[in-house]
Amino acid sequence: MAIANVIKALNRWINDYFERISMMTGYAVQPSFIKFTILSMIGLSSVSLVLALLSIRLVPKLTILFALIEIVSLLMITMLGIYLVAKVRSRAGKFEKAIVTILLTIIPLLASGEPLVNVINQLTMVRMDPEVVGEFRRIVAEVYGGFDIVNVIRRSINRVPSRTYSDVMSIITESYGISSNIADILMLKLDSIIRREQSTFRSRVQTLSLMMEIYLVSVQLLPLLLIILAISLSPLGSFPINPTALILLLFLVYMPITGMVFYVVMSGLTD
């Protein structure tokens with residue numbers, strides 16, 4: 001009986017865990033698929049490992065096959081994990097970018113005394129990312145379906161992996177029906193978000209300026225200096241590389257690779 005209870009509790013925990021992951025991706029991946037893929041790959045990996053160890057002495061050639069199956073299984077789990085993390089981060093980023101628009105829309109409506117469901121419904125008409133609009137449409141649909149709006153918003157908080165969205169919607173759920181100054185509280189939150197974004201923007205601009213200076217020196221000025229030195233010193237035999245070979249190496253290898261590295265780094269800073 002004790003073992004059965006442990007198994008049931010473990011199964012419930014696994015189901016809840018995969019449901020939570022699927023929920024944070026906006027149900028882009030069904031929890032049943034995540035559970036089946038991960039558990040089957042773990043099982044296949046475990047069996048392959050055992051068979052590989054047993055076949056080392058008996059049939060050495062099969063060891064390679066089982067080892068390959070083991071590697072493929074682990075790669076499948078890793079790739080699924082990377083995809084899920086990327087999907088969650090992408091979904092969170094969409095709500096982070098839309099949060100200022102959301103606050104600018106709902107603060108005047110709440111200050112005018114508009115019912116909360118109408119305020120949420122108004123957000124479905126604002127031009128934002130379809131995933132963000134879809135979340136608000138789901139809230140409105142559940143409220144019109146007879147659910148309490150506070151509980152519906154709390155479920156939305158669990159579905160959206162954005163800390164800022166969670167803070168804003170938590171303010172609404174905690175203040176709704178209790179305080180009449182929700183708009184004032186949200187205005188303070190909007191002010192703090194804007195100040196934070198301004199600080200982040202200034203920091204990124206400074207970093208990009210520094211990266212641009214490094215780029216000009218390392219990709220533009222340094223190759224030019226090396227070419228000048230090579231042309232000047234090669235007649236004296238004091239430069240170790242032929243100028244023509246150096247020019248080809250710089251223009252065909254060094255500059256493209258360095259430029260690509262700087263492009264990737266700068267793209268990450270502007271996201």
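The legends below describe several views of one predicted model, from the whole chain down to single residues. In this predicted model, local features need pLDDT of at least 70 and side-chain atom pairs count only at pLDDT 80 or more, while totals for chains, interfaces and linings use all residues. Residues are numbered from 1 along each chain as its sequence is written, and side-chain values use heavy atoms, with hydrogens and water left out.

View 1. Helices (H or I, at least four residues) and strands (E, at least two) are DSSP runs, numbered from the N terminus, and read along the sequence the chain gives the pattern α-α-α-α-α-α-α-α-α. Its C-alpha trace spans about 85 × 65 × 30 Å along the principal axes. The radius of gyration of the chain is 29 Å, whereas a compact globule of 271 residues would have one near 18 Å; this radius is taken over C-alpha atoms, and the globule rule is 2.2 Å times the number of residues to the power 0.38. Of the 271 residues, 33% count as buried, where buried means under 20% relative accessible area, exposed means over 50%, and partly exposed lies in between (1.4 Å probe, protein chains only).

**View 2. The largest nonpolar core has 38 residues.** A nonpolar core is a set of buried Ala, Val, Leu, Ile, Met, Phe, Trp, Tyr and Cys residues joined through side-chain atoms within 4.5 Å. The residues with the most contacts inside this core are Ile102, Leu103, Ile106, Phe136 and Leu186. Among the elements that give two or more residues to this core are helix H3 (60–111) and helix H8 (182–233), and the largest share, nine residues, comes from H3. A second, separate core of eight residues includes Ile14, Ile34, Ile38 and Leu84. In soluble globular proteins, nonpolar side chains tend to be buried together.

View 3. Thr105 is placed in helix H3, and it counts as buried because its relative accessibility is 17%.

**View 4. Arg89 is a residue of helix H3.** Is Arg89 buried or exposed? Arg89 is exposed, because its relative accessible area is 65%. Although Arg89 and Pro161 are 72 residues apart in sequence, they are 7.7 Å apart in space, C-alpha to C-alpha.

**View 5. Ser48 is found in helix H2 (residues 31–58).** With a relative accessible area of 3%, Ser48 is buried. When its neighbours within four places in sequence are left aside, Ser48 is in contact with Phe66, Ile69 and Glu70.

**View 6. Leu249 lies in helix H9 (residues 243–270).** Leu249 counts as partly exposed because its relative accessible area is 44%.

Key. Contact = heavy atoms within 4.5 Å.
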